[in-house]
Amino acid sequence: MKETNVLQKPVSREELLRRAKELGELAEKHSLESDENGQLNDIVIEKMKEGGFQYLMRPKSYGGQEVDFETFGEIIRTVAYHSVPAAWITYFAIIHETWPAFLPKKGRDDLYGRGELMADVFAPVGEVEDAPDGEGYIVSGTWNFCSGVLWCDWIALGAIHKMRDAEEPELSLFIVHKDDAEIIKNWDTLGLRGTGSNAVKLDKAYVPPHYVFPIKRVVEGATAPDGNYEEDYTIFNVPYLAYFLSGFSQIALGGLGRLVDDYTEKTKSRVRIYNNNKNEKDGSSGQRTLGEITMEYNALKNIGADYLKRMQYYRDNGIRVLDEKEREELFAMRGYVSKHSAQLATRIIVNLGGNAIYRDGHSERFVRDLIAVAAHPTHLYEDAMVGYGKSILGFDGHPMW
């Protein structure tokens with residue numbers, strides 16, 4: 001069914017957060033099932049679509065609302081507090097609606113006009129050749145980790161190729177409809193199991209030029225190739241990758257917040273039967289551990305909040321390209337939050353003891369999910385710190401992030 005390009009009615013912050021909480025709670029009810037099946041229940045996806053989250057960062061001329069960054073972050077954290085995989089898919093549903101904004105008009109009209117969800121994989125593993133028609137491209141390859149592909153119709157896949165109007169090869173995303181791709185169900189992982197991040201295979205799929213997202217050019221400050229049709233569009237006025245990657249830390253913080261709250265409540269009521277039946281809350285060890293965990297969590301939250309404040313500053317000042325040191329500092333901030341969220345989650349479950357490791361509880365699932373979040377290449381701690389350190393010393397940082 002065709003979607004009309006009528007502006008969606010703006011939704012208040014309070015209503016968006018209410019919808020996010022409902023979505024998270026629904027996903028949590030089905031979390032064990034999702035973990036076992038390797039995908040969210042379809043009713044969770046329908047709830048997400050009903051909430052309209054996929055419209056939140058579209059251009060206004062295509063039915064978007066363009067929420068502020070603080071609200072954006074709180075939506076993701078709210079869902080993650082109940083279900084990290086559901087927050088992952090919600091986050092991707094939001095940000096994947098931004099790259100069509102940079103396509104030629106025909107491409108963005110097609111993708112925005114049908115109301116279908118979108119997936120992508122940035123990894124440049126595809127093979128591309130110029131099509132015989134002198135316009136399009138022939139794309140082949142297999143891409144793992146295509147989050148949300150089970151529920152998406154459009155898929156953007158990375159490859160490095162010398163485009164017809166370029167002087168050298170560059171990273172672009174080549175967009176195909178799911179009907180032209182093969183989904184390989186290979187998603188069997190430690191964590192984030194509910195995301196259904198299966199593989200995608202293309203075998204000489206034709207991609208017209210208006211279905212190519214020129215990610216390298218956008219990172220260098222380009223907007224739409226046919227002109228800046230909406231000058232105040234938020235995503236035309238920020239560093240694209242810095243925004244695109246901003247939600248990963250919010251996912252980690254939302255899931256970690258749930259573990260910290262659970263740990264606090266269990267500390268209040270826990271009795272240590274092998275320690276003379278002492279109440280945990282009355283001992284200095286339990287008190288100190290709770291204080292340390294809470295302080296570490298608060299420090300990570302401050303980093304996550306600072307990241308989003310910087311995004312707002314870029315937006316307010318129309319900054320689309322960052323200097324090397326600041327670009328790598330953002331990478332380091334993401335890496336720091338991801339690593340220490342996973343470490344703190346592991347400390348929490350170890351301190352909670354044997355009763356916390358049963359699969360029908362949620363603690364072990366949150367820990368596994370946060371470890372999986374930390375493994376994503378866009379915020380790998382070691383890469384991030386090397387890149388940041390190099391930039392401080394005046395060298396080029398990480399080549400991508």
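Modeller: Helices are DSSP runs of H or I with at least four residues, strands are runs of E with at least two, and both are numbered from the N terminus. In this protein that comes to 13 helices and nine strands.

Biologist: Before we go on, what kind of model is this?

Modeller: This is a predicted model, where local features need pLDDT of at least 70 and side-chain atom pairs count only at pLDDT 80 or more, while totals for chains, interfaces and linings use all residues. Residues are numbered from 1 along each chain as its sequence is written, and side-chain values use heavy atoms, with hydrogens and water left out.

Biologist: What does the C-alpha trace span along its principal axes?

Modeller: The trace spans about 80 × 50 × 40 Å along those axes. Of the 401 residues, 55% are buried (under 20% relative accessible area, 1.4 Å probe, protein chains only).

Biologist: How should I read a pocket or a cavity?

Modeller: On a 1 Å grid over the protein atoms alone, a cavity is a set of points where a 1.4 Å probe fits but cannot get out; a pocket is an open set with protein on both sides within 12 Å along at least five of seven lines; lining residues have an atom within 4 Å of a point. Points are joined across faces, edges and corners, and the volume is the space filled by probe spheres set on them. Here the largest pocket holds about 610 Å³ of space.

Biologist: Which residues lie nearest the centre of the largest pocket?

Modeller: Look for Trp 88, Phe 145, Ser 147, His 376 and Pro 377, from a lining of 30 residues. Helix 5 (84-95), strand 1 (118-130) and strand 2 (137-146) each bring at least two residues to that lining. Strand 1 contributes the most, five residues.

Biologist: How do the residues of that lining divide?

Modeller: Ala, Val, Leu, Ile, Met, Phe, Trp, Tyr, Cys and Pro count as nonpolar, Asp, Glu, Lys and Arg as charged, and the others, Gly among them, as polar. The largest pocket's lining has 20 nonpolar residues, nine polar and one charged.

Biologist: And what volume has the second largest pocket?

Modeller: Its volume is about 520 Å³. There are 22 lining residues, and Val 219, Leu 241, Arg 327, Pro 399 and Met 400 are the closest to the centre. Helix 7 (215-219), helix 8 (240-244) and helix 11 (324-352) each supply at least two residues, and helix 11 gives the most, with four. By class, that lining has 16 nonpolar residues, no polar ones and six charged.

Biologist: Which element gives the largest share of the second largest cavity's lining?

Modeller: Helix 5 does, with three residues. That cavity holds about 60 Å³ of space, and its lining includes Met 48, Ile 89, Phe 92, Ala 93, Trp 151 and Cys 152. Eight of the lining residues are nonpolar, three are polar and none is charged.

Definitions and conventions:
Buried means under 20% relative accessible area, exposed over 50%, partly exposed in between (1.4 Å probe, protein chains only).
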